Amino acid sequence: MNKETEQLLKEMERIVGERQDWLFRFAYMRIGIREDAEDVVQEVLLSVFRRLREKTNLDNVEQYLIRAINNACIDYLRQKPLRVVPLEMAEQVPIDESDRQIHKEFIRINRLLHSLPLEQSEIVRLKCYDDLTFKQIAELQDIPEATAKSRYRYAIQHLQQMMKKKGDTI
């Protein structure tokens, strides 16, 4: 193994050590099922590890991991037959006690973002929940950075208007 590959592997180990929980939450907020989100993250990590062992060069391992997990979640949702549960009934889905907090957060965020166009809701998730920069969001979504910013701005304006009309907080 050459020195560059070793450095990339160390970088990946550091990222996984520091951001493993974040990577899981990133997948969970897209999939909504703990075990499947864990599987997606594990498969992506193994895939990236194999690529690095095969001496595939990556400019930014962390950005690559985020994009790979996002793509794996999209593939998962395309391949798995969806069991649609109305948002109002999502609170009744059986969950483990250890997952209760993240499941409540999943429901709350999805209720809030459900009223937005898909492009806008995904930008808000990436910015607010996943704490990505607009540059990272633009790279992940394959859009110009200005488009990511404008979609975010329109989404926030829409949510503010919606909350004023309802007269309450979400």
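Student: Which element of the chain has the highest mean pLDDT?

Tutor: Across this predicted model the chain averages a pLDDT of 80, and 85% of the residues score at least 70. Among the elements of the chain, the lowest mean, 75, belongs to helix H4 (residues 100-113), whereas the highest, 91, belongs to helix H6 (residues 134-141). The element asked for is therefore H6.

Student: Are H1 and H2 roughly parallel or roughly antiparallel to each other?

Tutor: Two packed helices are described by the angle between their axes and the distance between the axes. For helix H1 (residues 3-31) and helix H2 (residues 34-53), the axes come within 9 Å and cross at roughly 160°. Because angles over 145 degrees count as roughly antiparallel, H1 and H2 are roughly antiparallel.

Student: How many nonpolar residues does the contact of H1 with H2 have?

Tutor: The residues that meet include Leu8, Leu9, Met12 and Val16 on the H1 side and Val40, Val41, Leu45 and Val48 on the H2 side. Sorted by class, the contact of H1 with H2 has one polar residue, four charged residues and, in answer to the question, nonpolar residues numbering 16.

Student: What is the handedness of the crossing in which H1 passes H5?

Tutor: The axes of H1 and H5 come within 12 Å and cross at roughly 155°, which makes H1 roughly antiparallel to H5. Trp22, Arg25, Phe26, Met29 and Arg30 of H1 make this contact with Glu122, Arg125, Leu126 and Tyr129 of H5, and by class there are five nonpolar, no polar and four charged residues. As for the handedness of the crossing in which H1 passes H5, it is right-handed.

Student: Does Gln120 count as buried or exposed?

Tutor: Gln120 lies in helix H5, which covers residues 118-129. Leaving aside residues up to four places away in sequence, Gln120 touches Arg151, Tyr154 and Ala155. Its relative accessibility is 15%, and because the buried class takes values under 20%, Gln120 counts as buried.

Student: How far apart in space are Gln7 and Leu52, C-alpha to C-alpha?

Tutor: Gln7 has its place in helix H1, and at 52% relative accessibility this residue counts as exposed. In sequence, Gln7 and Leu52 are 45 residues apart. In space, taken C-alpha to C-alpha, the distance between Gln7 and Leu52 is 9.9 Å.

Terms used:
Residues are numbered from 1 along each chain as its sequence is written. This is a predicted model: local features need pLDDT of at least 70, side-chain atom pairs count only at pLDDT 80 or more; totals for chains, interfaces and linings use all residues. Side-chain values use heavy atoms; hydrogens and water are left out. Helices (H or I, at least four residues) and strands (E, at least two) are DSSP runs, numbered from the N terminus. Buried means under 20% relative accessible area, exposed over 50%, partly exposed in between (1.4 Å probe, protein chains only). Contact means heavy atoms within 4.5 Å. Axes are lines fitted to C-alpha atoms, for helices over the stretch in contact, and angles run from 0 to 180 degrees between N-to-C directions. Angles under 35 degrees count as roughly parallel, over 145 as roughly antiparallel, 65 to 115 as roughly perpendicular and the rest as oblique. Ala, Val, Leu, Ile, Met, Phe, Trp, Tyr, Cys and Pro count as nonpolar, Asp, Glu, Lys and Arg as charged, and the others, Gly among them, as polar. pLDDT is the predictor's confidence in each residue, from 0 to 100. A crossing is left-handed if the near helix is turned anticlockwise from the far one by less than a right angle, and right-handed if clockwise.
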